[in-house]
Amino acid sequence: MWTTSLPPFIGVVLGTVASLVGQLLQGRASERAEQRRSDRERSEARRNEYRTHFVDFLCAVQEAERVAVDRYQHNLTDEQWQMRAKKAIDRVWVTQKTIHMVCAPEVNEAAREVAFAVQDVIRKGPGEPGEPQDEKVWQCISPSRRAYLDVAADYLREEGPWARTHIR
């Protein structure tokens, strides 16, 4: 009697073990796929966060450029301009500090260079007097702004340093 019921019993045990192993492997594969999806979503959210900070900084820099142009192209020096200048410089530095907190050192350093260039051109002017002052203002800021844009663009690319780390 044992000999006739043993092969079906072994078949049932092997079938059960194979089924459990298959379910375990399928579960692990699903978990890995879910982890990869979650990592991609986190990376995309982080990239969007950085992009927002970069754009905020550029908006602050743009406003500060306008303030400098108004001063040196249109000879504005009244109290209203001075308040605008202080507010613009403050906004540039606040947005730069935000970049310092959330980005890599090379991005922060590039942002600092732009902030110093903007601050200097507002306080000291674009250099020699003459026309057109607006172009001189832009020339003072342009090299550091270009370097910042290049570093920020590299940082946002898929192969950037933050994309390789997993934020948990």
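Helix H4 covers residues 133-156, and its 24 residues should span 34 Å at 1.5 Å a residue, which agrees with the 34 Å between its end C-alpha atoms. The expected span of a helix is taken as 1.5 Å times one less than its number of residues. The model is predicted: local features need pLDDT of at least 70, side-chain atom pairs count only at pLDDT 80 or more, and totals for chains, interfaces and linings use all residues. Residues are numbered from 1 along each chain as its sequence is written, and side-chain values use heavy atoms, with hydrogens and water left out.

**Helix H4**

- H4 has a kink of about 45 degrees at Ser142, shortly before the proline Pro143. The bend at a residue is the angle between axes fitted to the seven residues ending there and the seven starting there.
- Buried residues in H4 include Val137, Ile141, Ser144, Arg145 and Tyr148. Buried stands for under 20% relative accessible area, exposed for over 50%, and partly exposed for the range in between (1.4 Å probe, protein chains only).

**The chain as a whole**

- The chain has four helices and zero strands, in the order α-α-α-α from the N terminus. Helices (H or I, at least four residues) and strands (E, at least two) are DSSP runs, numbered from the N terminus.
- Of the 168 residues in the chain, 32% are buried.
- Among contacts with a separation of 6 or more, 71% join residues 24 or more positions apart. A contact means heavy atoms within 4.5 Å.
- Accessible areas come from the Shrake-Rupley method with a 1.4 Å probe; for residues, only the protein chains shown count as cover.

**Salt bridges**

- Side chains of opposite charge can pair when their charged atoms come close. A salt bridge here is a side-chain nitrogen of Lys or Arg within 4 Å of a carboxyl oxygen of Asp or Glu, and the count comes to 12.
- Arg37 and Glu34 form a salt bridge with an N to O distance of 2.2 Å. The two residues are three apart in helix H1 (residues 2-73), so about one helical turn separates them. Arg37 is partly exposed at 32% relative accessibility, and Glu34 is partly exposed at 41%.
- Glu44 pairs with Arg47 in a salt bridge, with the closest N and O atoms 2.6 Å apart. These residues are also three apart in H1, or about one helical turn. Glu44 is partly exposed at 34% relative accessibility, whereas Arg47 is buried at 8%.
- Asp154 and Arg157 meet in a salt bridge at 2.2 Å, N to O. Asp154 is partly exposed at 44% relative accessibility, and Arg157 is partly exposed at 39%.
- Salt bridges that share partners join Glu63, Arg66, Asp70 and Arg84 into one network.

**Asp70 in helix H1**

- Asp70 lies in helix H1 and is buried, with a relative accessible area of 17%.
- Beyond its neighbours within four places in sequence, Asp70 contacts Asn75, Leu76, Trp81 and Arg84.

**A nonpolar surface patch**

- Leu6, Phe9, Ile10, Val13, Leu14, Val17, Val21 and Leu25 form a nonpolar patch on the surface, with about 720 Å² of accessible area together. Patches are made of residues with over 30% relative accessible area and no salt bridge; like charges are joined within 9 Å, and nonpolar side chains (Val, Leu, Ile, Met, Phe, Trp, Tyr) within 5 Å.
- Val17 lies in helix H1 and is partly exposed at 44% relative accessibility.
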